[in-house]
Amino acid sequence: MSIPIVAIIGLPNTGKSTFFNKVLGMRKALTYPEAGTTRDRHFGLTSWNGLDFYLVDTAGIVQKPGSELEKNVQKQTAIAKEEADLILLVVDGKTSPGNQDFAIAADLKRSKKPQLLVANKIDVRNAKTESLASEYVKLGLGKPFLISSVNGSGIGDLLDAIVEKLREEIVNSKQEIEKDRIKIAFLGKPNVGKSSLINALLKSERLLVHEKAGTTRSAVDIPFEYREQKFLLIDTAGIKKKWKQEADVETAAAFQSLRVLNQTDVALFVLDASVALDAADQAIAAQIVEANKSAVVVVNKTDLLTKEEQKKLLDRLPDYFSQLWWAPVVLAAALQKTNLDIMLKLAIDVYNQAQKQISQEELDDFLEKILETSMPGKMFDQKAPKLYNIKQVGTKPPTFKFIVNFPAAVAPAWKKIFEKQFRLKFGFEGTPIIINYVKRQ
């Protein structure tokens with residue numbers, strides 16, 4: 001049986017994301033002092049008492065959503081409830097239950113899903129706070145677990161109860177092993193179609209999609225499988241080159257996207273074919289290169305271009321992204337589900353390239369042959385360079401140590417030539433390679 005899912009639901013600003021982060025032990029969900037910060041569902045794998053399960057954070061429930069965007073947000077929460085094996089209703093323990101709390105509780109009871117009631121924000125436990133929180137018994141969901149997501153009090157007891165409830169549902173089931181999942185992050189400017197691409201892969205409205213730029217605010221992790229290969233698809237907030245304010249919630253979301261990049265295996269760099277490439281795209285490409293991540297360039301919305309326009313766009317890409325010259329490019333269209341299989345195949349390929357090991361015999365043979373035709377010349381005020389040997393010292397990304405007499409004597413132009421010849425021989429498409437020139441001891 002697959003790993004069980006625990007959905008965290010409740011009214012806005014009850015501390016759901018703070019609880020999510022506390023349990024996972026990392027800043028997985030975006031928390032910000034603004035009600036309604038969480039819009040998408042996001043998953044986090046955790047373990048307690050030997051049982052693995054996914055926590056799913058959701059947006060705060062609004063009984064009468066106004067805008068179309070808010071209706072879509074609430075649809076995401078409804079899907080999370082439907083998919084969950086256990087539901088945590090998180091309430092603000094510092095306030096008395098209101099009509100909205102009773103309405104949510106009634107809906108949960110009708111669903112007949114296993115559930116636990118959690119009174120959050122009990123940062124100081126005394127007779128007054130416990131008495132106020134105990135009023136939530138009136139919801140008819142049992143006695144609330146009193147917790148503080150800020151200082152962690154009460155969370156251990158809650159996790160014990162979660163595991164006990166889940167084990168009642170999963171007697172003698174064998175859990176899925178997650179070690180073989182490839183982490184793929186969808187990165188790009190706002191509104192380039194990152195969430196739409198993931199929804200097209202999943203064939204569902206798993207992620208919130210809206211014409212308004214910046215809809216996705218938090219990184220969203222979704223387990224996925226394609227032809228027996230397991231993935232963790234990570235949707236991220238759009239990254240802009242500049243932000244109007246330093247401390248707004250969109251800026252925090254963008255910074256989180258960059259943190260996600262450092263934890264992923266493959267970056268899918270998503271471009272919008274319907275708009276001109278610009279400095280913001282170049283800035284994101286630079287971030288991918290700086291992080292030394294394997295990458296695939298995904299040009300989305302190509303259904304809006306003619307064949308001739310697509311060709312011209314492909315011709316322009318090398319000029320805009322010279323630092324990503326080694327990354328493969330796929331022309332895609334989320335709405336028509338065009339070339340999504342190619343996108344996934346390329347992601348698998350570049351992931352495998354990042355783990356490639358070259359034997360010492362092959363490296364020695366390559367170096368001997370290339371030095372017969374392309375010995376680096378002497379640089380000004382430097383001794384003539386001598387190249388002794390090259391060894392592979394790491395993977396993800398592939399890393400090599402090149403032993404020379406004087407590293408500064410090797411011209412940068414020759415280093416570029418060497419890397420291109422190296423890639424022609426050994427591949428490494430879609431992954432950076434690091435070649436460190438080290439002085440012979």
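At what angle do the axes of helix H6 and helix H10 cross? The views below take up this question and then turn to cores and salt bridges. The structure is a predicted model, in which local features need pLDDT of at least 70 and side-chain atom pairs count only at pLDDT 80 or more, whereas totals for chains, interfaces and linings use all residues. Residues are numbered from 1 along each chain as its sequence is written, and side-chain values use heavy atoms, with hydrogens and water left out.

**View 1. Contact of helix H6 with helix H10.** The axes of H6 (residues 194-202) and H10 (residues 340-354) cross at roughly 100° and come within 11 Å; axes are lines fitted to C-alpha atoms, for helices over the stretch in contact, with angles running from 0 to 180 degrees between N-to-C directions. H6 is therefore roughly perpendicular to H10, a term for angles of 65 to 115 degrees. Leu-197, Ala-200 and Leu-201 of H6 make the contact with Leu-340, Met-343 and Leu-344 of H10, where contact means heavy atoms within 4.5 Å. Helices are DSSP runs (H or I) of at least four residues, and strands (E) of at least two, numbered from the N terminus.

**View 2. The largest nonpolar core.** This core has 30 residues, and Phe-186, Phe-231, Leu-268 and Val-298 have the most contacts inside it. A nonpolar core is a set of buried Ala, Val, Leu, Ile, Met, Phe, Trp, Tyr and Cys residues joined through side-chain atoms within 4.5 Å; buried means under 20% relative accessible area, exposed over 50% and partly exposed in between (1.4 Å probe, protein chains only). H10 gives the most to this core, with eight residues. Beyond its neighbours within four places in sequence, Leu-268 is in contact with residues including Ile-184, Val-296 and Met-343.

**View 3. Salt bridge between Asp-107 and Lys-81.** The side chains of these residues meet in a salt bridge (2.6 Å, N to O), defined as a side-chain nitrogen of Lys or Arg within 4 Å of a carboxyl oxygen of Asp or Glu. Asp-107 lies in helix H3 (residues 99-111) and Lys-81 in helix H2 (residues 68-83), so the pair ties together parts that are 26 residues apart in sequence. Asp-107 is partly exposed, at 29% relative accessible area, whereas Lys-81 is buried, at 18%.

**View 4. Salt bridge between Lys-301 and Asp-272.** The closest N and O atoms of this pair are 3.1 Å apart. Lys-301 is partly exposed, with a relative accessible area of 22%, while Asp-272 counts as buried at 10% relative accessibility.

Key:
Parallel < 35°, antiparallel > 145°, perpendicular 65-115°, else oblique.
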